[in-house]
Amino acid sequence: MIYGVALLAGCMLVGSFIGNLLGLLTGLGSDIGGVGFAMLLLLIITNSKKATAILPKDYEKGLNFWREMFIPVIVAMSASQNVVSALDGGVLAITAGLAVVIMAFILVPVFNKFTPKEIAKDAEKEGQA
Amino acid sequence: MKDVLDIIVKLFTANAFVMSFLIVGIISLFSNFVAAKVTRGRIHASAIAIFIALILAYVGGKVTGGSKGLSDISVFAGIGILGSSSLRDFTIVATSYGAKMSEIKKCGLIGVLALLTGVVLTFFVGAITAYAFGYTDAVSVSTIAAGTVTFVVGPVTGAALGAESTVIAISIAAGVVKSVAVMLLTPLFAKKIGLTTPGAAMVFGGLIGTTSGTSAGLAATDPSLVPYGAMTATFYTGLGCLLCPSVLYFIVSLVLR
């Protein structure tokens with residue numbers, strides 16, 4: 001189990017390193033998409049037969065445990081939000097915050113029209129293969 | 001009796017992190033009960049848990065006057081560790097285990113497009129709102145607009161442009177409102193906006209950003225969509241920090257001259 005957790009930690013740190021390096025190169029000094037790179041890295045490693053052959057068998061348990069822990073962590077994160085400042089931020093903050101959310105919600109179906117339609121079919125084929 | 005109470009408080013504070021598992025467990029148990037019995041499964045248990053957590057965060061903030069919700073109350077400090085951005089990112093990375101690489105590859109391009117559109121349009125909607133509320137200088141308008149991108153981009157942009165601290169505070173508040181709104185509204189509108197496929201989740205994450213909001217909103221909608229939405233959302237703040245104080249501010253300063 002610890003191997004999966006260690007793999008996860010390794011991926012996250014390498015991903016954050018790439019993200020920070022990108023931040024350095026662009027002169028922002030912050031992390032740009034570190035988590036995204038970490039996710040891709042974990043996907044690549046766990047999808048590679050060569051890499052999973054090296055890993056001790058139980059590694060999946062460690063990954064599954066933390067995947068299941070995602071929602072509890074999100075609940076704890078929600079409980080640590082600065083909700084008071086969100087509500088005290090005044091009408092401008094609330095209007096602006098809501099306006100951009102509504103805009104994004106309206107745009108999702110517009111973009112969906114352009115998402116490749118054959119995805120679902122291909123996924124089925126993959127499942128059968 | 002007071003001594004016993006002291007022991008309990010001491011135990012809570014000394015084992016704050018361990019305590020947080022128990023507290024979140026109790027919230028989840030209660031939410032599951034409400035979801036099954038009161039809403040008859042119409043509302044996802046996670047959505048109820050997040051809603052309760054936000055109410056607790058409000059109570060915590062009111063009681064202590066701090067900025068970290070419930071975790072500012074010392075006996076609940078562990079909630080802040082469990083819900084820290086480090087553990088949030090750690091578990092988000094874990095959700096990608098089991099995601100389909102093929103889906104991400106196929107929707108990669110539209111995801112990137114959604115990301116660019118999301119940051120730019122959000123900024124301008126935010127800018128128009130700020131202008132409508134009487135802000136006419138480019139620095140203030142851009143800072144508040146950047147805050148609507150995410151609550152990280154707001155202060156970063158404000159600091160870079162030399163905005164007033166009250167304006168920066170508004171920009172942070174706007175970002176927090178956005179994040180909380182995404183948490184609560186996503187499960188309610190997911191079906192209406194077609195947020196049911198991995199591809200749509202990638203578009204959603206790109207358009208709306210806010211890793212906290214997207215991950216919590218999708219968790220309360222359909223947990224299997226989380227990795228796809230989080231994948232694009234995680235680049236949003238970085239892109240915002242890149243564009244807001246530079247190109248987007250430049251455009252605003254041209255318009256408001």
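Q: What share of the contacts in chain A with a separation of 6 or more comes from residues 24 or more positions apart?
A: That share is 49% in chain A, where contact means heavy atoms within 4.5 Å. Before we go on: this is a predicted model, where local features need pLDDT of at least 70 and side-chain atom pairs count only at pLDDT 80 or more, while totals for chains, interfaces and linings use all residues. Residues are numbered from 1 along each chain as its sequence is written, chains are lettered from A and ligands numbered from 1 in the order in which they are written, and side-chain values use heavy atoms, with hydrogens and water left out.

Q: Which domains does chain A get?
A: The assignment gives domain 1 (1–80) and domain 2 (82–115) in chain A; such bounds come from an automatic or database domain assignment. The C-alpha centres of those two domains of chain A lie 28 Å apart.

Q: OK, on to the A/B interface. How much area do chain A and chain B bury between them?
A: Chain A and chain B bury about 7,200 Å² between them, with 81% of it on carbon and sulfur atoms. A:Met39, A:Leu92 and A:Phe105 supply 10% of the area that chain A buries against chain B, more than any other three residues. Buried area here is the accessible area (1.4 Å probe) that two parts lose on being put together, summed over both.

Q: How many residues does the contact take from each chain?
A: The contact takes 72 residues from chain A and 92 residues from chain B.

Q: How many salt bridges and polar contacts between them?
A: Between chain A and chain B there are zero salt bridges, meaning a side-chain nitrogen of Lys or Arg within 4 Å of a carboxyl oxygen of Asp or Glu. Six residue pairs are in polar contact between chain A and chain B (both at pLDDT 80 or more). A polar contact is a pair of N or O atoms within 3.5 Å; within protein, one must be able to donate a hydrogen and the other to accept it, and residues adjacent in sequence count only if both atoms are side-chain atoms.

Q: Which helix gives the most to the side of chain A that touches chain B?
A: That's α7(A), with 19 residues.

Q: Can we zoom in on a residue? Where is B:Thr91, and what is it in contact with?
A: B:Thr91 is in helix α5 (residues 85–95) of chain B, and counts as buried because its relative accessibility is 0%. Leaving aside neighbours within four places in sequence, B:Thr91 is in contact with A:Trp66, A:Met69, A:Phe70 and A:Val73. A polar atom of the B:Thr91 side chain also lies 3.0 Å from the backbone oxygen of B:Arg88.

Q: What about B:Ser215, buried or exposed?
A: Buried, because B:Ser215 has 1% relative accessibility. B:Ser215 is found in helix α12 (residues 211–219) of chain B. Apart from neighbours within four places in sequence, B:Ser215 is in contact with A:Phe70, A:Ile74, B:Ile92 and B:Val226.

Q: And where is B:Lys68?
A: B:Lys68 is in the loop between α3 (45–64) and α4 (77–82) of chain B. Not counting residues up to four places away in sequence, B:Lys68 touches A:Ala79, A:Ser80 and A:Gln81.

Q: Switching to cysteines: how many disulfides over all chains?
A: Zero disulfides over all chains, a disulfide being a pair of cysteine sulfur atoms within 2.5 Å.

Technical notes:
Helices (H or I, at least four residues) and strands (E, at least two) are DSSP runs, numbered from the N terminus. Buried means under 20% relative accessible area, exposed over 50%, partly exposed in between (1.4 Å probe, protein chains only).
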